[in-house]
Amino acid sequence: MLLKVNNLIKQYQKTGKGVNALDNISFEVKKGAFVTITGPSGSGKTTLLLSLAGLIRTTSGEINFNNFRIDNATDKHLSDFRKDHVGFVMQSFALIPYLTAIENVMLPMAISNVSKKEKIEKANDLMNLVGLEDRKTHFPRELSAGQQQRVAIARALINEPALILADEPTGNLDPSLSSDILNLLKKINNEKHVTILMVTHSPMAAEFGNLKIQLSEGKLINEIKYNSVID
Ligand SMILES: Nc1ncnc2c1ncn2[C@@H]1O[C@H](COP(=O)(O)OP(=O)(O)OP(=O)(O)O)[C@@H](O)[C@H]1O
Ligand SMILES: [Mg+2]
């Protein structure tokens, strides 16, 4: 198992009253899985992704990633873990406006020891993978929404993460661009064996998963597994 979540609880303290945003959640994810996470607004989807990335501290329970305990790791270990193993894709793309597409893609490698030449080669390969070989020097404002999300996906892949965490990656896109992006994620999942956890409101998008998790009020209320994937 790549990821094991056991009895995870996240309680936010707000105005003295505790809210269990995650209420005793357990599930397992095999390497190479495409997991989709659905549920109403406020059901804990973003909280779950942030917890898995170690970006927020959980209240109790365990998160194991390849035997690395995310829930009680130090900040330093967590930041190394994110840099080495996790790519993020958000609804709002979060591109840097004054960097070109390819510079945005290279950004996460800024602090790595890789040579400039190798960085450019890797970024070029990813621009090709996401179908933007002719948009490398465009600035974000010169790209369509779907193209901007492709740049964000290429950026998420640059450090060769084992895990992609995507929070509503198609939330700002119209249906046809959404299915382009979902097909791109599926291709990355198939070809690069990157494990993907994707939060979505769209039932159509949820169908892209081979493990579908449904949350309601912080609880995991349904889990549907399709074809088995490699361990
Ligand atoms: N920083 C915070 N402090 C206090 N409560 C929070 C905080 N972040 C989230 N919550 C609460 O935790 C619950 C889960 O929030 P979360 O953002 O995980 O929901 P979500 O499923 O991602 O919703 P959406 O679909 O609207 O993005 C909500 O009730 C929310 O109000
Ligand atoms: Mg959310």
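An oxygen atom of ligand 1 sits 2.7 Å from an N or O atom in the side chain of Lys45. This is a polar contact, meaning a pair of N or O atoms within 3.5 Å; within protein, one atom must be able to donate a hydrogen and the other to accept it, and residues adjacent in sequence count only if both atoms are side-chain atoms. The model is predicted: local features need pLDDT of at least 70, side-chain atom pairs count only at pLDDT 80 or more, and totals for chains, interfaces and linings use all residues. Residues are numbered from 1 along each chain as its sequence is written, chains are lettered from A and ligands numbered from 1 in the order in which they are written, and side-chain values use heavy atoms, with hydrogens and water left out.

## Around ligand 1

| Residue | Atom in the residue | Distance to an oxygen atom of ligand 1 |
|---|---|---|
| Ser41 | side-chain N or O | 2.6 Å |
| Ser43 | backbone N or O | 3.2 Å |
| Lys45 | side-chain N or O | 2.7 Å |

On its own, ligand 1 has 640 Å² of accessible area, and the protein covers 61% of this. Such areas come from the Shrake-Rupley method with a 1.4 Å probe; for residues, only the protein chains shown count as cover.

Two elements, β1 and α1, each give two or more residues to the shell around ligand 1. Helices (H or I, at least four residues) and strands (E, at least two) are DSSP runs, numbered from the N terminus. The largest share of the shell is three residues, and it comes from α1. Residues surrounding ligand 1 include Tyr12, Lys14, Pro40, Thr46 and His201. A residue is near the ligand if one of its heavy atoms lies within 4 Å of it.

The shell divides into three nonpolar, seven polar and two charged residues. Here Ala, Val, Leu, Ile, Met, Phe, Trp, Tyr, Cys and Pro count as nonpolar, Asp, Glu, Lys and Arg as charged, and the others, Gly among them, as polar.

## The four-stranded sheet

Four strands form an open, antiparallel sheet in the order β2-β1-β4-β5. Two strands pair if DSSP finds at least two bridges between them. β2 (17-29) and β5 (68-69) are the edge strands; each has a single partner, so one side of each has no neighbour in the sheet. Ten bridges join β1 (residues 3-14) to β2 in the antiparallel sense. Opposite Ile9 stands Asp23 in β2.

Helix α1 (residues 45-52) packs on this sheet and touches β1, β2 and β4 (60-65). Contact means heavy atoms within 4.5 Å. The direction of α1 makes about 115 degrees with that of β1. Axes are lines fitted to C-alpha atoms, for helices over the stretch in contact, and angles run from 0 to 180 degrees between N-to-C directions.

The loop between β4 and β5 holds Asn66. Asn66 is not a glycine, yet its phi is positive, at about 50 degrees.

## The six-stranded sheet

A second open sheet has six strands in the order β6-β7-β8-β3-β9-β10, with mixed pairing. β6 (86-90) and β10 stand at the edges with a single partner strand each, so one side of each lacks a neighbour in the sheet. From one strand to the next, the twist averages 15 degrees.

Strand β3 (residues 34-38) runs parallel to β9, and four bridges pair them. One partner of Thr38 across these strands is Gln214 in β9. Helix α2 (residues 75-85) packs on the sheet, touching β6 and β7, and its direction makes about 75 degrees with that of β6.

β9 (residues 211-216) and β10 (residues 219-225) run antiparallel, joined by six bridges. Ile213 has Glu223 in β10 as its bridge partner. Two residues lie between the strands of this hairpin, where Glu217 takes a positive phi near 50 degrees.
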